[in-house]
Amino acid sequence: YVKSTKEILEKASKERYAVGAFNFNNMEFLQAILEAAEEEKAPVIVATSEGAIKYIGKGDIEAGAKLAVEMVRTYAEKLSVPVALHLDHGRDFKIIMAAIKAGYSSVMIDASHLPFEENLRETKRIVEIAHAVGISVEAELGKLKGIEDNVVEKESVLVDPEEAKVFVKETEVDFLAPAIGTSHGAFKFKGEAQLDFERLKKVKEYTQIPLVLHGASMVPQDVVKLANEYGAELSGAKGVPEDMLKKAIELGINKINTDTDLRITFVAYLRKVLSEDKSQIDPRKIFGPVFEQVKEIVKERIRIFGSSGKA
Ligand code: G3H
Ligand code: 13P
Ligand code: NA
Ligand code: ZN
């Protein structure tokens, strides 16, 4: 049963923990995420990017969104934990509308690349449409680029808390993703990991709504090492350290977007299984042990986020 993202996240905001929002592109990732959530008795958000919708629908966005909803409903029906389906990084109006029509629980409007006023106007437009049909909305402020040493760059890229206050009030958006120094993918920091917690603290203080951390994968070094041992080229991969995630949760992050950790785990164990069982040609026997590991990484993340037992 697909639940309200807003209900899930407002409870998390009140009780000061975070819910994992895990990306999927196919059935196996979805199964692994949902099984992990069920075993941890944790509320969970599953998300598809625009690319995932196109991939699932073979280019047909209506079909992709519909299939995503149907898969999630079919699996979630049997579970005891709340599950929400979210559109991650919606930029294309047509895809956002397709997700709303198909029955997504929430959508993200990512207009953070636009100037503030345009981001505000675009977000407000989506909020009006989505709220009219009971769907909640996430928006983003600032750009996810990581903190550079250059201070001028830093000011222009990270969220401005004063802007966040105006933005939330004007748009009535339900959740906000403030850029505080993370970035997407497996290579997040060139040097030391660094996040702007002062900004985060102010954004929470000024907005009082559930906040979202994008680019939050931890990129576990043991998994990177394993992948590299079996032929991957991922040296220099680096993620957000556990203590920083915990601090971000303390300061008001309630939704933690995670994709890369699942991707790296998938690739590492796929390489391992294929190289250790060279005569295996049954995809189920290959994917079986691989997705057991994906499930384990999701469970670990859920425990770190503090949402175990919160269902
Ligand atoms: O935020 C990005 C997510 O990791 C999804 O990425 O556009 O490659 O599906 P994608
Ligand atoms: P990662 O690349 O750190 O997993 O971030 C995913 C994300 O932010 C999806 O919106
Ligand atoms: Na999102
Ligand atoms: Zn993201």
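Is valine 219 buried or exposed? Select valine 219 to find out: 20 other C-beta atoms lie within 10 Å, so valine 219 is buried. The label buried asks for 20 or more other C-beta atoms within 10 Å of a residue's own, exposed means 12 or fewer, partly exposed is in between, and the C-beta atoms are placed from the backbone. Valine 219 sits in the loop between β7 (211-213) and α10 (221-229). Its phi is positive, about 45 degrees, although the residue is not a glycine. Element names follow DSSP runs numbered from the N terminus: helices are H or I with at least four residues, strands E with at least two.

Before moving on, note that the model is predicted: local features need pLDDT of at least 70, side-chain atom pairs count only at pLDDT 80 or more, and totals for chains, interfaces and linings use all residues. Residues are numbered from 1 along each chain as its sequence is written, while chains are lettered from A and ligands numbered from 1 in the order in which they are written.

Next, select ligand 1 and its surroundings. Around ligand 1 you will find Asn23, Ser49, Gly51, Ala52, Asp88, His89, His184 and Asp259, where being near requires a C-beta atom, placed from the backbone, within 6 Å. Two or more of these residues come from each of α3 (50-56) and β3 (83-90). The shell has one nonpolar, five polar and two charged residues. In this scheme Ala, Val, Leu, Ile, Met, Phe, Trp, Tyr, Cys and Pro are nonpolar, Asp, Glu, Lys and Arg are charged, and the others, Gly among them, are polar.

Stay here and pick histidine 89, in strand β3. Histidine 89 counts as buried because it has 23 C-beta neighbours inside 10 Å. Its phi is near 50 degrees, positive in a residue other than glycine.

Now go to ligand 2. Of the 14 residues around ligand 2, the nearest are His214, Ser217, Asn257, Asp259 and Thr260. Elements giving two or more residues to this shell are β3, β8 (253-258) and α12 (260-276). By class, there are one nonpolar, 10 polar and three charged residues around ligand 2.

Last stop: helix α11, residues 242-250. Colour Leu245, Ala248 and Ile249, which are buried. Glycine 252 follows α11, with a positive phi near 125 degrees.
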